[in-house]
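Please look over the model shown below before reading on.

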Amino acid sequence: MADRAETILEVRNLHTHFHTESGVVRALEGVDFTLNRGQVLGVVGESGCGKSVTAQCIMNMVPSRGRIVDGSVIYHQRNGQGTDAVEITALPPKSREMRRIRGNEIAMIFQEPMTSLDPLYTVGNQLLEAINLHQDVDRTEARALAVHSLDRVQLPEPERVFASYPHQLSGGQRQRVMIAIALSCNPTLLIADEPTTALDVTTQAQILSLMRDLQDETHMSIIFITHDLGVVAEMCDEVAVMYLGKVVEQTDIDTTFYSPRHPYTQALLRSIPRLDDDQDRRLEVIAGSVPDPSSIPSGCRFHPRCPDFMTGVCEHREPTLIQIDEDHQVRCHLYGETASSQP
Amino acid sequence: MTTTPTSPSDTAVASVESGSGQSPLLEVRNLKMHFPIRKGFLKRVVGHVKAVDDVTFSVERGTVFGLVGESGCGKSTTGRCVIRLLKATAGEIVYTMPDDEPVHIEALDPESLRIMRRHIQIVFQDPYASLNPRLTLKQIVGEPLVINNVSQGQDLQDRVAELLRRVGLSPEHMNRYPHAFSGGQRQRISLARALALNPRFIVADEPVSALDVSVQAQILNLIKDLREEFGLTYLFIAHNMSVIKHICDSVAVMYVGQIVEMTTTRQLFRKPLHPYTEALLEAIPVPDPRRDRHRIVLEGDVPNPADPPSGCYFHPRCAYAQDVCRTETPPLAEHTPGHLARCHFAAELELKGMTI
Ligand SMILES: Nc1ncnc2c1ncn2[C@@H]1O[C@H](COP(=O)(O)OP(=O)(O)O)[C@@H](O)[C@H]1O
Ligand SMILES: Nc1ncnc2c1ncn2[C@@H]1O[C@H](COP(=O)(O)OP(=O)(O)O)[C@@H](O)[C@H]1O
Ligand code: SF4
Ligand code: SF4
Ligand SMILES: [Mg+2]
Ligand SMILES: [Mg+2]
């Protein structure tokens with residue numbers, strides 16, 4: 001489909017901190033990845049590693065206590081002939097330009113559809129609001145578009161759903177409605193933050209299949225955030241693995257699963273309960289748990305849990321993200337010298 | 001059809017007797033939980049949600065028995081009836097005491113129930129909602145010991161420390177509050193609390209469903225270890241077959257308040273007999289990008305148990321449905337020894353299983 005890889009989004013060295021009563025939470029401390037147009041990028045990592053904050057930064061919607069202290073998000077917007085690079089992180093969050101991007105270029109769906117839908121309004125009302133915000137259409141047209149968008153997300157009886165309140169729908173149906181609302185502005189980039197984590201496996205399979213169909217149809221680019229590598233294998237073309245606020249590895253989907261290089265990626269893969277392995281096998285685990293962001297380990301922040309830990313190196317020096325192949329970056333001392341050193 | 005349908009209670013008894021010879025730790029017979037639906041000013045009963053409708057199974061000592069199915073199938077309601085957090089509409093729940101005396105849980109008076117609760121504990125899905133945020137770990141884990149006058153003072157301190165160690169937490173954290181812990185650590189705290197009174201039987205209601213995949217493995221291993229160490233028996237509830245596979249010895253698949261298939265885990269995975277089981281197996285994301293991503297997806301949602309479909313409850317979603325499925329309700333029949341399925345075509349269909 002896309003003849004040549006064309007970048008649509010670049011996240012560079014992103015650092016985002018939150019100022020709380022109990023001190024500074026360094027939520028992001030070096031998030032780097034690149035998304036190509038028409039591709040699905042999986043952002044994976046355990047809870048608390050900064051996936052949602054990354055999404056907030058891309059949308060330029062960081063909560064008020066948070067600040068982007070370094071780095072940038074660059075969105076490559078198509079104009080007639082080529083693309084313009086828009087530095088999202090340099091735009092005031094409430095500026096007209098940012099609102100236009102949020103409405104017409106980038107849309108987002110969340111984990112819990114119930115909290116993002118207003119319980120007091122019908123699905124139809126909420127869809128119409130989204131449509132009227134972004135498109136210049138009259139009432140009959142808007143209504144037709146709304147019903148069509150419900151049909152497009154494969155909701156049976158779209159007219160009935162249009163007139164329903166969120167609580168009258170199942171979790172899967174609500175997530176379909178959220179997708180319909182997000183797609184009502186024909187976004188070029190969709191950010192999906194754990195859209196299936198709160199759902200049953202069967203409903204998850206339905207939503208993943210729907211998202212694949214919609215992606216095939218529209219060729220939109222997707223950032224798919226999840227903690228589940230099984231879901232990544234079903235959905236994504238590229239993968240960025242995050243650990244404690246940093247991207248530690250980015251490469252294509254096949255390499256991620258068949259020749260991952262970062263010890264954290266390798267450990268995550270081993271820890272998936274698989275259907276096809278021996279029932280009596282003891283499940284492998286990653287030792288320990290993700291440390292609190294207020295007590296980040298020195299050097300490589302994965303070192304207390306790392307099976308490949310090199311004494312004298314890993315606890316002292318922080319690895320940088322290095323290019324080990326054309327489309328493969330890793331942040332780990334096992335793969336070469338790094339320039340940076342932490343005091 | 002090649003097999004003769006038998007009534008669910010007959011077959012359950014049969015499968016029990018083909019077991020170890022010892023009586024099972026728990027027998028649930030023809031359990032029903034029908035919630036009344038009330039309408040209007042006078043709150044008249046206008047119908048019933050048949051959340052659990054004639055469920056029969058037994059749990060052998062020292063084993064893990066799984067209940068699996070989508071949300072709304074009646075798994076939690078079954079679990080709550082078993083430990084009498086809910087009073088069942090009908091049916092028997094027979095628990096075998098350490099002296100082999102059978103006790104009817106459904107008929108216990110409040111005092112006996114209180115004593116019974118030492119034997120049976122429950123662990124819930126949401127490790128955030130199920131722990132009181134205003135209590136320290138010591139208070140949370142020690143509470144059952146204090147309430148039941150088992151322990152106090154230094155002894156209490158020692159026991160809580162030991163329990164925390166057993167579930168892989170540091171006793172030094174005894175005076176911290178739950179908010180300082182991750183989801184997986186909180187589920188360890190829940191387990192420590194459940195173990196405080198030396199129970200023999202634990203109902204685990206989706207204990208890993210809210211956790212990161214990488215943390216699920218840790219908790220499943222812990223649950224297995226505790227079984228060995230304390231000779232525990234579990235009723236383990238999940239909606240995800242890959243979790244069931246790693247922890248359960250036998251499984252009942254539930255759909256709209258009923259068991260639709262029941263057998264050993266190995267048999268269920270190798271040779272599923274019910275189309276719903278096959279669909280649950282198909283739904284698991286496979287961590288292999290080289291596998292074909294386009295496959296059959298089970299459409300639709302679980303029907304409302306207040307108004308289930310005619311005939312076979314699964315027929316509106318079933319890929320194999322025939323005319324008879326719309327009109328005739330299939331019985332839960334034993335197809336091979338110890339393997340029950342509720343499908344008109346269980347004997348004919350060649351459903352996709354997997355070697356485990
Ligand atoms: N509004 C906020 N205020 C303070 N800390 C926050 C806020 N949002 C996120 N954090 C912290 O930032 C870190 C990353 O959070 P998040 O991006 O939500 O992780 P993930 O989505 O990967 O689970 C966590 O330690 C979290 O507690
Ligand atoms: N207290 C209640 N009153 C009325 N209906 C209930 C109640 N509790 C559960 N139900 C209904 O019973 C059915 C089974 O619920 P539940 O046992 O929670 O299913 P599961 O645990 O399999 O998701 C659902 O339709 C649910 O809405
Ligand atoms: S830098 Fe060292 S501790 Fe960090 S992931 Fe690599 S080997 Fe492990
Ligand atoms: S009885 Fe019919 S509808 Fe029901 S599961 Fe069997 S084939 Fe499907
Ligand atoms: Mg998140
Ligand atoms: Mg439940």
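## Confidence and conventions

The pLDDT is the predictor's confidence in each residue, on a scale from 0 to 100. In chain A the mean pLDDT is 91, and 95% of the residues reach 70 or more. Over residues 338–343 of chain A, however, the pLDDT is below 50, and this stretch has 13 contacts in the model beyond near neighbours in sequence; two residues are in contact if their C-beta atoms, placed from the backbone, lie within 7 Å.

This is a predicted model, in which local features need pLDDT of at least 70 and side-chain atom pairs count only at pLDDT 80 or more, while totals for chains, interfaces and linings use all residues. Residues are numbered from 1 along each chain as its sequence is written, and chains are lettered from A and ligands numbered from 1 in the order in which they are written.

## The build of chain A

Chain A contains 11 helices and 12 strands, where helices (H or I, at least four residues) and strands (E, at least two) are DSSP runs, numbered from the N terminus. Its C-alpha atoms fill a box of roughly 70 × 50 × 50 Å, taken along the principal axes. The radius of gyration of chain A, 21 Å, agrees with the value near 20 Å that a compact globule of 343 residues would have; this radius is taken over C-alpha atoms, and the globule rule is 2.2 Å times the number of residues to the power 0.38.

Of the 343 residues in chain A, 45% are buried. A residue is called buried if 20 or more other C-beta atoms lie within 10 Å of its own, exposed if 12 or fewer, and partly exposed in between, with C-beta atoms placed from the backbone. Among the contacts in chain A with a separation of 6 or more, 62% join residues 24 or more positions apart.

## The nonpolar core

In soluble globular proteins, nonpolar side chains tend to be buried together. The largest nonpolar core here has 183 residues, and those with the most contacts inside it are B:Phe236 and B:Val253; such a core is a set of buried Ala, Val, Leu, Ile, Met, Phe, Trp, Tyr and Cys residues joined through C-beta atoms within 7 Å. Not counting residues up to four places away in sequence, B:Val253 touches several residues, including B:Val68, B:Gly69, B:Tyr276 and B:Leu280.

## Around the ligands

A residue counts as near a ligand if its C-beta atom, placed from the backbone, lies within 6 Å of it. Ligand 1 is surrounded by 16 residues, of which the closest are A:Phe18, A:Ala27, A:Lys51, A:Ser52 and A:Val53. Strand E1 (7–20), strand E2 (23–36) and helix H1 (51–58) of chain A each give two or more residues to this shell, and H1(A) gives the most, with three residues.

The shell around ligand 2 includes B:Phe35, B:Val49, B:Lys75 and B:Pro305, and its largest share, three residues, comes from H2(B). By class, this shell has five nonpolar, six polar and one charged residues, where Ala, Val, Leu, Ile, Met, Phe, Trp, Tyr, Cys and Pro count as nonpolar, Asp, Glu, Lys and Arg as charged, and the others, Gly among them, as polar.

## Where the chains meet

The contact between the chains takes 39 residues from chain B and 36 residues from chain A. On the side of chain B that touches chain A, the largest share, seven residues, comes from H7(B).
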